Amino acid sequence: MASPLAIHIGNKLDTDTLASLADFICGDEKSRFPIYRSSYYLTRFFQNLNIDATHDGSTRKVWVLAVLKQLQPSDIEKVILRLVDPREYKGVNDNFKQANQSMNEILIIDNLAVGFENVRPFIKRAEPLKLEGPEIVKTTAKDEAEFLSRQFGDDIKIEELGFDSVITSYLQRRVDEVQACPKNKVPLGTIFLLGSTLEGILLAVALKDLAKYMKSKTAPKDKAGAVKKIYEWRLAELIDVAHEVDDLKLDVKKFSHVLRDFRNYIHPFHQMSHSFNPDQHTVDICWQVFKAAFYQLKVRQK
């Protein structure tokens, strides 16, 4: 018997959602998608769903995305449900759990999620997300209050981090620009600029001590198990490795992920699906994260 929460996809999904599904099917990003599918297995995946598609030897993701764009919503449903079906992973194991988590992260843009009736998956409406919830902010109110009470100076000089003059000038202009943003006027712009500038700073720190970062246990790896090139690392990965090598303390690591989560709302549909409307308090948290990270990194670079 079908779950009363089960729904059908009525319209075609957002293009970014389809692109993420194509990534999922190809499985190149091992940290998010549990199964890598070569040309033969891409064809087999679709044909097992009674979808007439045979890989033509072209770039895998480009081909998969083209196939998905041509499918009707009913066939997209079949693709989604198969990707989170325990039978695809030979039971409820770590691969299955990873697939379920990644799928819900993808579908949230379209206000959708996957649920389960016993062990059979179905599609449902996504539950409203709260900024205090575990999906977004993995910290307590007490943690937040304590973190915000710390005092950091506003005079941020990127040159104190010891980077080369070129990247220093670009990063400093970003800091100057975000400091010039009028309070309560451009919260989204402030958050996006802080997040991207922190990413630039962490990348520059990693480049200064590349061997240490590349040898860390949490360094992201590709499907072959090799550490990714440093310029391919995402902000989340830079944060985690910076903490492992002791460039960032645990508190700043946790709250840096908060800033990263907020920064991800740069996609308007993602923002809409989460009903994310930042206020000055949100901006204050992000500024505090940025300043705390800067001062911890400055101490470590001396």
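Buried means under 20% relative accessible area. That cut-off matters for one of the charged pairs described here. The model is predicted. A search of the whole structure finds 18 salt bridges. Side chains of opposite charge can pair when their charged atoms come close.

Start with the buried case. Glutamate 88 and arginine 37 form a salt bridge, with their closest N and O atoms 2.9 Å apart. Glutamate 88 sits in the loop between helix H4 (73-83) and helix H5 (94-107), and arginine 37 in the loop between H1 and H2, so this pair ties together parts 51 residues apart in sequence. Both glutamate 88 and arginine 37 are buried.

Next, turn to arginine 234. The side chain of arginine 234 meets that of glutamate 29 in a salt bridge (3.4 Å, N to O). Arginine 234 belongs to the loop between helix H9 (210-214) and helix H10 (235-244), while glutamate 29 belongs to the loop between helix H1 (15-26) and helix H2 (39-48); the pair therefore ties together parts that are 205 residues apart in sequence. Arginine 234 is partly exposed, at 38% relative accessible area.

A further bridge links two helices. Lysine 253 pairs with aspartate 240 in a salt bridge, the closest N and O atoms lying 4.0 Å apart. Lysine 253 is in helix H11 (residues 250-263) and aspartate 240 is in helix H10, so the pair ties together parts 13 residues apart in sequence. Lysine 253 is partly exposed, with a relative accessible area of 22%. Aspartate 240 also counts as partly exposed, at 27%.

Finally, a network. Salt bridges with shared partners join Glu29, Lys228, Arg234 and Glu237.

Methods: Residues numbered from 1 in each chain as written. Predicted model: local features only at pLDDT ≥ 70, side-chain atom pairs only at ≥ 80, totals over all residues. Heavy atoms only, no water. Helix = DSSP H or I, 4+ residues; strand = E, 2+ residues; numbered from the N terminus. Buried < 20%, exposed > 50% of the residue type's maximum accessible area, 1.4 Å probe, protein only.
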